[in-house]
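Hello,

Here is the structure I promised to pass on. Please look it over first; my notes follow below.

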Amino acid sequence: MPFAVSAQIYEKQVCEVTYVFDIKARTVENKDNKQTKDGSNKDAPTDVGQPTPLHDIFKKVFSEERVAEFKQYGNPMMFLRLICDTSGKVEEVVFSFWPEILLTPEEFYQLEQLMKSYHFNLQGIPEGAQYVGIRWGLPLARVYMK
């Protein structure tokens, strides 16, 4: 169930990590993110190889019952912006949602920790890049569909 919050932007702390929730923009990110705030373009086309572990990561966080809860909102989407160093290690995660933010702060924390433990097999990194951005979307109600 979505949060009932009067402010457009608020913070919530989980395990000493502070998340910034922007209700109007429907985004959530770690307050300590630096690369996503510097204004540079980190979304150069990069091949991440296949398969990615992202579906497995979501299955570790969301039970089938939790995914069934998402279905009551139609086909809600979660979009990820992953900032990786050139070795493919995920450094930062920004979560965006449509039509609204449906996850708990604890779920954001679990997802972020699991994603930051992963290295993508990146190919086609632009020369001189220090970081690359990967965008990925997931229909939340379909985590367990094949």
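**Helix α3**

At 1.5 Å a residue, the twelve residues of α3 should span 16 Å, and the end C-alpha atoms of α3 are 16 Å apart, which agrees. The expected span here is 1.5 Å times one less than the number of residues in the helix. Helices (H or I, at least four residues) and strands (E, at least two) are DSSP runs, numbered from the N terminus.

The buried residues of α3 are Pro105, Glu107, Phe108, Leu111, Glu112 and Met115. They cover an arc of only 155° around the axis, so they sit on the same side of α3. The arc is taken from the directions that run from the helix axis to the C-beta atoms. Buried means under 20% relative accessible area, exposed means over 50%, and partly exposed is in between (1.4 Å probe, protein chains only).

**Ground rules and confidence**

This is a predicted model: local features need pLDDT of at least 70, side-chain atom pairs count only at pLDDT 80 or more, and totals for chains, interfaces and linings use all residues. Residues are numbered from 1 along each chain as its sequence is written, and side-chain values use heavy atoms, with hydrogens and water left out.

pLDDT is the predictor's confidence in each residue, from 0 to 100. The protein chain averages 82. In it, 82% of the residues score at least 70. Among the elements, helix α3 (residues 105-116) has the highest mean pLDDT, 94. Strand β6 (residues 131-139) has the lowest, 85.

**Overall layout**

The protein chain has three helices and six strands. From the N terminus on, the order is β-β-β-α-α-β-β-α-β. Of the 146 residues, 42% are buried. Contact means heavy atoms within 4.5 Å. Take the contacts with a separation of 6 or more: residues 24 or more positions apart account for 69% of them.

**The core**

A nonpolar core is a set of buried Ala, Val, Leu, Ile, Met, Phe, Trp, Tyr and Cys residues joined through side-chain atoms within 4.5 Å. The largest one has 34 residues. Phe58, Phe62, Met78, Phe95, Leu111 and Met115 touch the most other members. The elements that give two or more residues to this core are β1 (9-14), β2 (17-22), α1 (54-61), α2, β4, β5 (90-98), α3 and β6.

Met115 is worth a look on screen. Leaving aside neighbours within four places in sequence, Met115 is in contact with Leu54, Ile57, Phe58, Leu80, Leu82, Val90, Val93 and Phe95.

Helix α1 has its own buried set: Leu54, Ile57, Phe58 and Val61. They cover an arc of only 95° around the axis, which puts them on the same side of α1. What covers the buried residues of α1 includes β4, α3 and β6.

Most residues other than glycine have a negative phi, and most peptide bonds are trans. Here are the exceptions to check.

- Cys15 has a positive phi of about 50° although it is not a glycine. Cys15 lies in the loop between β1 and β2. At 56% relative accessibility, Cys15 counts as exposed.
- Glu16 has a positive phi of about 65°, and it is not a glycine either. Glu16 is also found in the loop between β1 and β2. Its relative accessibility is 74%, so Glu16 counts as exposed.
- Trp98 and Pro99 are joined by a cis peptide bond, with omega about 5°. Pro99 is found in the loop between β5 and α3.

**Pairs across the sequence**

Tyr73 is found in the loop between α2 (64-70) and β4 (77-85). At 25% relative accessibility, Tyr73 counts as partly exposed. Tyr73 and Trp98 are 25 residues apart in sequence and 9.9 Å apart in space, C-alpha to C-alpha.

Glu64 lies in helix α2. At 54% relative accessibility, Glu64 counts as exposed. Glu64 and Tyr144 are 80 residues apart along the chain, yet their C-alpha atoms are separated by 7.0 Å.

**Cysteines**

How many disulfides are there? The rule is a pair of cysteine sulfur atoms within 2.5 Å. By this rule the count comes to zero. Cys84 is buried, with a relative accessible area of 0%, whereas Cys15 counts as exposed.

Best regards
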